[in-house]
Amino acid sequence: MQKSSISIRRGAMAVAAVSVAAAMMTGCQPGDAETGSDDVSSTAPTATSSSPVSSPASSTSTGTSGSTGTSVKTCTPNSLKASAYQAADRPTGTGTGAAIVQFTNTTAKPCVLQGHPTVAGAANGSPELNVPLQVTPVGSASPVKLAPGAQAWLKLTFVQVQGEGDGYCESGSAPVVYPTMVIGLPNSGAHQVALDDGQFAECDGTLTATAVTATKPS
């Protein structure tokens with residue numbers, strides 16, 4: 001009886017040992033939620049972005065360089081040379097009528113111009129005395145890429161002075177003459193320009209203006 005009892009106990013212990021071993025093997029299976037580790041960062045995946053990093057908007061227009069636009073910076077005030085001349089296509093009258101303002105990129109790098117201008121009659125070197133004119137924008141504004149040495153233009157059309165001598169305005173107001181005008185562009189500064197022939201003569205302090213364009217207006 002004693003020998004039989006010992007055999008039974010040995011058999012039971014063997015079964016228990018097999019069960020413990022099986023349990024340990026099950027606990028070590030890959031992918032088990034309970035890994036026995038408290039370090040969450042060691043099992044967490046690395047975060048990655050599935051969307052591309054955004055880049056500055058590219059110019060799709062071209063300047064006189066003829067090259068397609070790429071991501072370039074806006075032209076700074078000191079990167080531009082501005083000049084003005086009377087337009088060939090202008091209202092009938094004896095004043096300025098219309099003027100073309102030309103911008104030239106004087107740097108060794110391309111830059112972008114965009115937008116409609118602000119216009120003020122210059123006060124002979126005293127900016128605080130400049131006379132802002134009321135500008136009505138004409139047409140849409142698109143970015144214009146200027147290669148080094150390239151040019152862009154805009155056109156100003158004034159209320160024309162009529163008659164001879166000092167002339168007159170159809171509205172009954174007096175004509176105004178400015179030796180120079182200050183042309184401002186968004187983020188590209190203000191530029192004082194004189195006509196290559198004559199002075200700016202206009203009525204009523206109002207004008208229309210195109211946006212900067214890569215095509216020379218007439």
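Cys111 is buried, with a relative accessible area of 5%; buried means under 20% relative accessible area, exposed over 50% and partly exposed in between, with a 1.4 Å probe and protein chains only. This is a predicted model, in which local features need pLDDT of at least 70 and side-chain atom pairs count only at pLDDT 80 or more, while totals for chains, interfaces and linings use all residues. Residues are numbered from 1 along each chain as its sequence is written, and side-chain values use heavy atoms, with hydrogens and water left out.

Cys111 forms a disulfide with Cys75, the two sulfur atoms being 2.0 Å apart; a disulfide is a pair of cysteine sulfur atoms within 2.5 Å. Cys75 lies in the loop between helix H1 (2–27) and S1, and Cys111 in strand S3, so the bond ties together parts that are 36 residues apart in sequence. Helices (H or I, at least four residues) and strands (E, at least two) are DSSP runs, numbered from the N terminus. The torsion about the S-S bond is about 85 degrees, so this disulfide is right-handed. Cys75 is buried too, because its relative accessible area is 0%.

How many disulfides does a search of the whole structure find? It finds 2. The other pair is Cys169 and Cys203, with an S to S distance of 2.0 Å. Cys169 sits in the loop between S8 and strand S9 (176–178) and Cys203 in strand S12, so parts 34 residues apart in sequence are tied together. The link of Cys169 and Cys203 has -90 degrees about the S-S bond and is left-handed. Cys169 counts as buried because its relative accessibility is 4%, and Cys203 because its value is 0%. With the bonded cysteines of the chain numbered in sequence order, the pairing is 1-2, 3-4.

Ser188 leads back to Cys75. Ser188 is found in the loop between S10 and strand S11 (189–194), and it is buried because its relative accessibility is 0%. Leaving aside residues up to four places away in sequence, Ser188 touches Thr74, Cys75, Thr76, Pro77, Leu80 and Leu113; contact means heavy atoms within 4.5 Å.

Leu113 also belongs to the largest nonpolar core, which has 28 residues. Such a core is a set of buried Ala, Val, Leu, Ile, Met, Phe, Trp, Tyr and Cys residues joined through side-chain atoms within 4.5 Å. Leu113, Leu156, Ile183 and Phe200 have the most contacts inside this core. Among the elements giving two or more residues to the core are strand S1 (80–86), strand S3 (111–113) and strand S12 (200–210). S8 gives the most, with 4 residues.
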